[in-house]
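Good morning, and thank you for the time. I would ask you to keep the structure on the screen while I go through the contacts, the sheet and a pair of helices.

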Amino acid sequence: MGRGSRRRWIAFTVVVAVIALVLAYNASGAAPTLAGSSTDRPITAAERQVLDRAEQLLVQACMRHAGFRYWVVDAPDPTPVHRGGGYVVGDVPWARRHGYGTDLAKQQARQDPNSRYFASLTRARQQAALVALNGPSPGGLQTTLPNGIRVQHSNRGCSSAAQQQLYGDLAGWFQTTKLTENLAGERYGLVTQDPAFTAAVTAWSGCMHQRGHKVDTPADTHRRVADPATAPSRDSEIALAVDEARCATTTRLADTAERLDAHYAALQDNRYRAALMERRRLQRAALPRAQTLVRAATRATPSQR
Amino acid sequence: MTALRRTVVACVMLGAVLAGMLATASAAGAADGYVYAYDQPYGWSRGGDACRWVGNDTNWYDCTWYGVRKNMLNRASSVWNNGYAGGYDKVNFYWGSNLTGAWACLGVGDYWADLPLGRERFSWGEGKPGYHQALNNNIASHKWVTACGSP
């Protein structure tokens, strides 16, 4: 090959290589995903509901086989976001209607059909129902959380069987579930010990004292309302919640809590990226199976559900 | 109506009343399964002293294991939430009696088998007595809740 044609050959090869690299780079970013490749799109709330329903349908079938009734229950609405990120009641109109939301919480718990069913059973049947649902002993699964907490769980019973069937990897699902469940608690510690939060709480406490409430932190008011021994009347609960919300607004505790919660949530997303990606992978893989299950159940007559 | 039939009817009615009372107790937020505390780590398999509860207990000084009176106040080295999923199925463990002080929350079906390792702590209730202390030999009372984070 002459020198000129060799140069042209090299140039051609380089151009092809560059084009290939550019295409690959673009494909990884924007193109629809190929089977097996990961994606950053989070699982939607609707998809989570499908997964949750499918899991419960599996539990239901298993419990029925063991001689017990079981209802598929949609997860209750999360505690209404009444500003303040869950750390303090920060919405005055909401506080006027609901106080601290104890009325809503009690209503939800009271309506849970599985809870009521369990309560209606004899002691002996309750024991049997627990064995059927949870398994006979607490061991089989174990995981260690990032903060060192080690939690074990049964790998038997209908709950575990349903998860194994849906996600295909019971141990892996258990691990990521416990980590996810622990995030709120970890974030609570991070937020409440942040100097911006403690400074705003001090101001909030001063404001509350001025209104006649001897409380140091929002946890004090929440505890007072949650404890049956000290729980105030509904009117008093609402008055207390309204003062809490007013003080949380003027001292900007509500804003500060929300901002810090979002800040530390982003930090956690980063810190636990691998584990959270793994969770998404398991959820995404289970979705087709889940959708089939839920569709089949919807087609069944109401009396069979 | 014969005497026998009167007795049967009375029994049926009494049963219905009791069932109604049981349902009411449940609606008020009572037990949703059992919670166990053992004085040994890995208590479920190792044995030793233990208490089992249906419902809440404001002081672990006086609790029972299948009818036998025990004292688990500040003695537990492993705990198991054998709750029935739905409603009040998580358990708050408190540093102080009467559900006071900082607390830890155990999910349904979960088992903290080895509290002496010192990993599990009262991680809720910032500013409250006992906050961040280890749970081992330090739990004084408990209550069932619907979600971890509830005080």
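In chain A, 69% of the contacts with a separation of 6 or more are between residues 24 or more positions apart; a contact here requires C-beta atoms, placed from the backbone, within 7 Å. This is a predicted model, in which local features need pLDDT of at least 70 and side-chain atom pairs count only at pLDDT 80 or more, while totals for chains, interfaces and linings use all residues. Residues are numbered from 1 along each chain as its sequence is written, and chains are lettered from A and ligands numbered from 1 in the order in which they are written.

Chain A has 13 helices and 2 strands, where helices (H or I, at least four residues) and strands (E, at least two) are DSSP runs numbered from the N terminus. Of its 305 residues, 33% count as buried. By that I mean 20 or more other C-beta atoms within 10 Å of the residue's own, with 12 or fewer for exposed and partly exposed in between, the C-beta atoms being placed from the backbone.

I turn to the contact between the chains. It takes 39 residues from chain A and 37 residues from chain B. On the side of chain A, the elements giving two or more residues are α4 (102-110), α5, α6 (123-134), β2 (150-154), α8 (170-192) and α10 (218-226). That side has 15 nonpolar, 16 polar and 8 charged residues. In this classification Ala, Val, Leu, Ile, Met, Phe, Trp, Tyr, Cys and Pro are nonpolar, Asp, Glu, Lys and Arg are charged, and the others, Gly among them, are polar.

Helix α5 of chain A spans residues 113-120 and contains A:Arg116. Because A:Arg116 has 17 C-beta neighbours inside 10 Å, it counts as partly exposed.

Which strand of chain B pairs with β2(A)? It is β8(B), residues 110-112, in the antiparallel sense over 2 bridges; strands pair if DSSP finds at least two bridges between them. Within this pairing, A:Gln152 has B:Tyr111 as its bridge partner.

The open sheet has 6 strands in the order β1(A)-β2(A)-β8(B)-β5(B)-β1(B)-β2(B), with antiparallel pairing. At the edges stand β1 (140-144) of chain A and β2 (50-53) of chain B; each has a single partner strand, so one side of each is left without a neighbour in the sheet. From one strand to the next, the twist averages 20 degrees.

Next, the helix pair. Two packed helices are described by the angle between their axes and the distance between the axes. The axes of α8(A) and α12(A), residues 253-271, come within 9 Å and cross at roughly 125 degrees. Therefore α8(A) is oblique to α12(A). Axes are lines fitted to C-alpha atoms, for helices over the stretch in contact, and angles run from 0 to 180 degrees between N-to-C directions. Angles under 35 degrees count as roughly parallel, over 145 as roughly antiparallel, 65 to 115 as roughly perpendicular, and the rest as oblique. Among the residues that meet are A:Leu183 and A:Arg187 in α8(A), and A:Leu260 and A:Asp261 in α12(A). By class, this contact has 7 nonpolar, 1 polar and 2 charged residues.

Finally, two loop residues in chain B. B:Tyr66 lies between β3 (63-65) and β4 (68-70), and its phi is near 50 degrees, a positive value in a residue other than glycine. B:Tyr66 is exposed, because 8 other C-beta atoms lie within 10 Å. B:Asn98, in the loop between β6 (90-96) and β7 (100-106), has phi near 60 degrees, again a positive value in a residue other than glycine.

Technical notes: Contact = placed C-beta atoms within 7 Å.
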